[in-house]
Amino acid sequence: MLTIDSIPAKFIDQFPEGTSIHGILAAFLTHGDPELLSELDVWRGVWPDWEEFESSMPIFWPKHLRASNSTYESSSPEDSQHTEAFPIILPPSISGLWNSPPHQSQQAPTPYETRYQNLLAQQEKRLKAAWDSVISVFPGTDWKSFAYNWSIINSRSFYYVSPGKEEPADWNDAIGMVPYADYFNHVDDAECEVKFDGRKYTFKATRSYEKGEEIYMSYGSHSNDFLLVEYGFCLENNPSDAIYLDDIIIPALSQEQKEELAAHDCLGNYNVTADGVDERITATANIMSMSPEDWQKYVNGEIETQQAFSLQDTGRIICEWIQEYLKQSAFAVDAAKGVLMTAEEGSEKSTKEKLDLILSRWKQIQQLCENALESTSQWAKLISKN
């Protein structure tokens with residue numbers, strides 16, 4: 001494995017305190033001892049090229065295609081040609097932005113951890129911090145070379161923590177490279193068991209395979225927005241796909257309601273799947289339907305749900321939230337089509353490939369919302385009858 005423990009200490013010691021493990025690994029691939037790196041030549045020879053990352057990962061798209069709430073500034077020359085405001089075509093979980101009020105992202109810091117929201121800003125922050133560290137040690141570093149190696153590690157690493165050490169504060173730094181194991185492609189319900197014993201990885205198929213049949217592994221139960229940002233692809237059928245309603249729900253809450261929901265671990269990370277909504281969304285719709293007195297009785301288990309409020313009202317509130325997301329998807333689809341129509345000559349093919357990817361993602365989101373609306377409506381009707 002290629003891990004922080006396999007890099008010479010004299011190389012690591014050059015970097016400022018706090019430099020990410022991810023950044024040091026990428027710096028080693030960029031500036032490490034050629035003799036040591038030559039041992040990886042056969043493996044590196046089959047890695048994807050820069051063009052594949054540039055075309056599939058939003059972090060490397062031109063600024064007018066990756067508008068987000070990020071404060072990161074790319075080193076791409078193409079970005080410097082664009083200074084005007086751009087339409088928002090990336091999904092809110094990626095961009096952190098919406099095309100129309102009143103549900104645009106809040107300017108204040110989110111008072112809870114959002115692993116699957118503001119994805120692009122989080123990723124760009126990690127890359128920018130790693131870049132700042134590497135150029136402090138190697139001022140002449142080529143941006144594209146470093147960004148390429150950073151992306152290789154970001155998209156092809158496995159879980160790894162140095163023996164005897166605690167997991168790092170940032171889970172993105174619990175990483176190591178496993179030669180040739182990074183050939184496995186992803187499906188959510190892979191029929192391949194992956195185990196790590198602290199020293200080595202073992203991959204074991206859980207069924208018989210025919211010669212020539214591809215064996216997949218699971219990268220984890222992630223939404224398609226996460227897979228797009230981190231790996232540059234979306235699954236056509238993803239059981240773990242989800243969208244988040246935080247930017248729609250939280251602005252509608254009073255400060256007292258936020259504090260009450262936070263006390264019961266029900267504030268934020270409001271995810272919707274094709275099967276419907278999670279308990280956090282239901283609890284939040286409940287607090288908007290009930291009096292403060294009834295809410296306290298309900299969360300304390302003193303009264304049944306049906307005694308306190310109409311479940312049809314709760315279902316209606318939830319459906320309105322999901323419908324708002326559908327409205328936003330229509331804005332984004334129109335914006336993406338508008339960008340394609342105004343694409344500069346010579347860049348049209350590249351732009352079209354990216355926009356086709358985004359449009360297909362929005363179609364998935366629209367279908368997910370419609371399925372969730374149906375599930376929620378049926379749920380509310382069924383319980384109200386009982």
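## Terms and model

Buried means under 20% relative accessible area, exposed means over 50%, and partly exposed lies in between (1.4 Å probe, protein chains only). This is a predicted model, where local features need pLDDT of at least 70, side-chain atom pairs count only at pLDDT 80 or more, and totals for chains, interfaces and linings use all residues. Residues are numbered from 1 along each chain as its sequence is written, and side-chain values use heavy atoms, with hydrogens and water left out.

## A pair within one helix

Helices (DSSP runs of H or I, at least four residues) are numbered from the N terminus. Helix 16 (residues 348-385) holds both aspartate 356 and lysine 352, four residues apart, about one turn of the helix. These two form a salt bridge with closest N and O atoms 2.8 Å apart; the term means a side-chain nitrogen of Lys or Arg within 4 Å of a carboxyl oxygen of Asp or Glu. Aspartate 356 is partly exposed at 34% relative accessibility, and lysine 352 is partly exposed at 39%.

The structure has 14 salt bridges. In one of them, arginine 126 meets glutamate 230 at 3.3 Å, N to O. Arginine 126 lies in helix 7 (residues 119-137) and glutamate 230 in helix 9 (residues 224-231), so this pair ties together parts 104 residues apart in sequence. Arginine 126 is buried, at 16% relative accessible area, and glutamate 230 is buried too, at 7%.

Terms used: Helix = DSSP H or I, 4+ residues; strand = E, 2+ residues; numbered from the N terminus.
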